[in-house]
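Morning, everyone. Here is a short tour of a structure that may be new to you. Please have a look at it first.

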Amino acid sequence: AWKRVGRRRIAFTSLIYSFDADAALEFIFRIRGEASFSRDFDRVEASFMTDVFLPDQDPLHDEPVGMDIGVVQARRLHVME
C-alpha cells in the first residue's frame with residue numbers, strides 16, 4: 001500500500017513472506033518507509049524500516065522479533081528494443 005505525502009513523495013507499507021525449500025513459512029517482513037522521486041520520475045530514493053515476524057505472529061498487530069533500517073536508490077529502466 002502507498003499514499004502520497006508530498007510533492008513527488010510517498011509513504012509505503014508492504015508485507016513479504018519468506019518460505020524455506022519445503023514451502024514452509026519461515027518469516028514475515030513488514031517494510032515501511034518513504035520514497036522521493038526525481039522530477040522526471042526516473043530516479044527514486046527511499047528510506048525504510050523492516051520489521052521481522054515469526055510465522056505464528058500477526059504482522060499488522062504483534063510486536064516484531066527483529067528489525068533493520070536502510071536506504072535504497074534506484075533508477076528506472078526503459079524497455080530495450
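This is a predicted model: local features need pLDDT of at least 70, side-chain atom pairs count only at pLDDT 80 or more; totals for chains, interfaces and linings use all residues.

**Strands, salt bridges and a charged patch**

S4 and S5 run antiparallel, and 10 bridges join them. How many of the 10 residues of S5 are buried? The number is 1, so S5 lies largely in the open.

Next, salt bridges. The count comes to 4. I will walk through some of them.

Start with Arg 30 and Asp 51. Their side chains meet in a salt bridge, at 2.7 Å from N to O. Arg 30 belongs to strand S3 and Asp 51 to strand S4, so this pair ties together parts that are 21 residues apart in sequence. Are these two buried or exposed? Arg 30 is buried, and Asp 51 is buried too. For Asp 51 the relative accessibility is 3%, which is why it counts as buried: the cut-off is under 20%.

Asp 51 has another partner. Arg 32 forms a salt bridge with Asp 51, and the closest N and O atoms are 2.8 Å apart. Arg 32 also sits in S3, with Asp 51 in S4, so parts 19 residues apart in sequence are tied together here. Arg 32 is partly exposed, at a relative accessible area of 34%.

Then there is Asp 42 with Arg 76. Their side chains meet in a salt bridge of 2.8 Å, N to O. Asp 42 lies in the loop between S3 and S4, and Arg 76 in the segment after S5, so the pair ties together parts 34 residues apart in sequence. Asp 42 counts as partly exposed, at 21% relative accessibility. Arg 76 is partly exposed as well, at 43%. Back to shared partners: salt bridges join Arg 30, Arg 32 and Asp 51 into one network.

Now the surface. Which residues form a negative surface patch? They are Asp 56, Asp 58, Asp 62 and Glu 63. Take Asp 56. Its place is the loop between strand S4 (43-53) and strand S5 (66-75). Asp 56 is exposed, with a relative accessible area of 69%.

One more loop to finish. Ala 23 is in the loop between strand S2 (9-19) and strand S3 (25-37). Ala 23 counts as exposed, at 57% relative accessibility. From Ala 23 to Thr 50 there are 27 residues in sequence and 22 Å in space, C-alpha to C-alpha.

Technical notes. Residues are numbered from 1 along each chain as its sequence is written. Side-chain values use heavy atoms; hydrogens and water are left out. Patches are made of residues with over 30% relative accessible area and no salt bridge: like charges are joined within 9 Å, nonpolar side chains (Val, Leu, Ile, Met, Phe, Trp, Tyr) within 5 Å. Accessible areas come from the Shrake-Rupley method with a 1.4 Å probe; for residues, only the protein chains shown count as cover. Lys and Arg count as positive and Asp and Glu as negative; His and the chain ends are not counted. The place of a charge is taken as NZ of Lys, CZ of Arg, CG of Asp or CD of Glu. Helices (H or I, at least four residues) and strands (E, at least two) are DSSP runs, numbered from the N terminus. Buried means under 20% relative accessible area, exposed over 50%, partly exposed in between (1.4 Å probe, protein chains only). Two strands pair if DSSP finds at least two bridges between them.
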